[in-house]
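Please read these notes with the model open beside you. Take the points in order, and find each residue as it comes up.

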Amino acid sequence: MASGTVRRWALVAVSLLNFAFVFISGADFIRFISFRAIYHNITGDTTLCQDSIPWSVALRNSSVLGSLAVDLGLLALFITQHSVLAWAPVKMALQSGLGALNRTAYCFSTVVALQILMRYWQPVTDAPCLWSVRHAPWSVWFPLLCFSLHFLCWAIICSILMIFDYPELLGLKQVYYECLGLGDPLSHKSPGAQRLLSHLRHPVCLELGVVLWLLPALSLDRLLLAGTLSSYLALAHSLDKQDLAYLCVQLNSKLQVFAEPHHGSTNTSDPKEK
């Protein structure tokens, strides 16, 4: 009994520490991918790129090519980790070895790879920007517009993650269910929900695409980052008509709940139908 209690508390501690690590890293990722790129333009900092350097010269510059090679290697590390651990045989092996901490380990390794990418990313400052908004009044208004839309996109992303069962995505629910002896929380979801999650674990493709591409200035390293992650997101899901039909049914049911008047004292609906 005592060993079981210690094991449960250990599982809870590990999952909560991982949750804190993921939360802090998520804030770092927002700063890295979104607001840092806009900050250069709002403050008038022009070191993001050098428009005076021709492309023919920049693409032969060893520092430019070296930075791009490092960035490409960091992206390959992140994508390899994210893909290998999501591969069915690896998932089954980790599930048998780690049990309830399987999802926690996946999130932890993903965040470690993401932290490495952010810490060692090499900006390319010795090449022209593919575009750059620097003429008044758009040099002021467009960065502020980008900032507002990025903020809105991140708010939508956080909301969608909450709707898609955020504790289950981060491994907290698996540990909670393990401690209560309820098994895998995914097994308690409907077949349609299980099928949808197996095809779409990244429910924020559109919003993240806006964040990646909508910038006042697009440098060469940012083009590599946005292009690679956008391509990976496009290939990472396999939604089909059955998944879309399930989403439509769920959306219509939620709209009907909001549209119907709520009369608590006269509600005679069967609770099993909800």
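1. **Elements.** Helices (H or I, at least four residues) and strands (E, at least two) are DSSP runs, numbered from the N terminus. On that basis, the chain has twelve helices and two strands. Read from the N terminus, the order is α-α-α-α-α-β-α-α-α-α-α-β-α-α.

2. **Ground rules.** This is a predicted model, so local features need pLDDT of at least 70 and side-chain atom pairs count only at pLDDT 80 or more, while totals for chains, interfaces and linings use all residues. Residues are numbered from 1 along each chain as its sequence is written, and side-chain values use heavy atoms, with hydrogens and water left out.

3. **Burial and surface.** Buried means under 20% relative accessible area, exposed means over 50%, and partly exposed lies in between (1.4 Å probe, protein chains only). Of the 274 residues in the chain, 35% are buried. Accessible areas come from the Shrake-Rupley method with a 1.4 Å probe; for residues, only the protein chains shown count as cover. The chain exposes about 16200 Å². Carbon and sulfur atoms supply 70% of that area.

4. **Contacts along the chain.** Contact means heavy atoms within 4.5 Å. Take the contacts between residues at least 6 apart in sequence: 84% of them join residues at least 24 apart.

5. **Helix H8.** Which residues of H8 are buried? In this helix, residues 172-180, they are Gln174, Val175 and Tyr177. They sit on the same side of H8, because they cover an arc of only 165° around the axis. The arc is that of the directions from the helix axis to the C-beta atoms. After H8 comes Gly181, with a positive phi near 70°.

6. **Ser15.** This residue belongs to helix H1. Ser15 is buried, at 3% relative accessible area. Leave aside its neighbours within four places in sequence, and Ser15 is in contact with Thr104, Leu172 and Val175. Val175 is one of the buried residues of H8.

7. **Salt bridges.** A salt bridge is a side-chain nitrogen of Lys or Arg within 4 Å of a carboxyl oxygen of Asp or Glu. How many salt bridges does this rule give? The count is two. In one, Glu178 pairs with Arg7, and the closest N and O atoms are 3.5 Å apart. Glu178 lies in helix H8 and Arg7 in helix H1 (residues 2-42), so the pair ties together parts that are 171 residues apart in sequence. Glu178 is partly exposed at 31%. Arg7 is partly exposed too, at 45%.

8. **The Asp28 pair.** Asp28 and Arg119 also meet in a salt bridge, at 3.6 Å from N to O. This pair links distant parts of the chain: Asp28 is in helix H1, Arg119 is in helix H5 (residues 102-120), and they are 91 residues apart. Asp28 counts as buried, at 18% relative accessibility.

9. **Cysteines.** A disulfide is a covalent bond between the sulfur atoms of two cysteines. The rule here asks for a pair of cysteine sulfur atoms within 2.5 Å. It gives zero disulfides. Buried or partly exposed: what is Cys146? Cys146 is buried, at 0% relative accessibility. Cys179 is partly exposed, at 24%.

10. **A nonpolar patch.** Patches are made of residues with over 30% relative accessible area and no salt bridge; like charges are joined within 9 Å, and nonpolar side chains (Val, Leu, Ile, Met, Phe, Trp, Tyr) within 5 Å. Trp55, Leu59, Leu130, Trp131 and Trp213 form a nonpolar patch on the surface. Together they have about 460 Å² of accessible area. Trp213 is in helix H10 (residues 205-213). It is partly exposed, at 32%.

11. **Strand E2.** Leu218 is found in this strand, residues 217-218. Leu218 is buried, at 0%. Which residues does Leu218 touch, not counting those up to four places away in sequence? They are Cys129, Leu130, Trp131, Trp213 and Leu223. Leu218 and Leu130 are 88 residues apart in sequence, yet 5.5 Å apart in space, C-alpha to C-alpha.

12. **Two further pairs.** Thr125 lies in the loop between H5 and strand E1 (131-132). Thr125 and Ser219 are 94 residues apart in sequence, with 7.8 Å between their C-alpha atoms. Leu145 is in helix H6 (residues 138-163). The C-alpha atoms of Leu145 and Pro216 are separated by 9.3 Å, and these residues are 71 apart along the chain.
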